[in-house]
Amino acid sequence: MSIASVENVRLVEVDGPAPVLLTVEEAACCLRVGRTTCFALIRTGELESLMVGGLRRVPADAPAAYLARRRAEQRAA
C-alpha cells in the first residue's frame, strides 16, 4: 500500500496513483486552513474547483497554484 500526498501532506492510503481531484477537506488540509475558509476561497474564485456530479472537487494542483499566486502578490506589495 502506498501513501498519496499533495505537497508532502499525507492524505489517504491508496492502492494506485496519486489523486487528481481532492475533496474540499483534503484541499483545506493541504493549505492548513479550515473547511469553511477553503469554501470561502472557492466561492471567491481564489481556489479552483469544479463540480463532479453533485460533488465539489479541487484539482490536486490548485492548492499549490493558489499558494504561488499569494506569494507573488506578497512579493509585489
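**View A. Salt bridge between Arg-70 and Glu-73.** In this predicted model, the closest N and O atoms of Arg-70 and Glu-73 are 3.8 Å apart. A salt bridge here is a side-chain nitrogen of Lys or Arg within 4 Å of a carboxyl oxygen of Asp or Glu. Both residues lie in helix 3 (residues 62–76), three residues apart, about one turn of the helix. Helices (H or I, at least four residues) and strands (E, at least two) are DSSP runs, numbered from the N terminus. Arg-70 is partly exposed because its relative accessible area is 32% (buried is under 20%, exposed over 50%, partly exposed in between; 1.4 Å probe, protein chains only).

**View B. Salt bridge between Arg-35 and Glu-25.** The structure holds two salt bridges. In this one, the closest N and O atoms are 2.8 Å apart. The pair links distant parts of the chain, 10 residues apart: Arg-35 sits in helix 2 (residues 35–43), Glu-25 in helix 1 (residues 24–31). Arg-35 is partly exposed at 47% relative accessible area. Glu-25 is also partly exposed, at 42%.

**View C. Nonpolar surface patch.** Val-20, Leu-21, Leu-50 and Val-52 make a patch of about 310 Å². Patch residues have over 30% relative accessible area and no salt bridge; nonpolar side chains (Val, Leu, Ile, Met, Phe, Trp, Tyr) are joined within 5 Å, like charges within 9 Å. Areas come from the Shrake-Rupley method with a 1.4 Å probe; for residues, only the protein chains shown count as cover. Val-20 lies in the loop between strand 2 (9–14) and strand 3 (21–22). Val-20 counts as exposed, at 64% relative accessibility.

**Notes.** Local features need pLDDT of at least 70 and side-chain atom pairs 80 or more, while totals for chains, interfaces and linings use all residues. Residues are numbered from 1 along each chain as its sequence is written, and side-chain values use heavy atoms, leaving out hydrogens and water.
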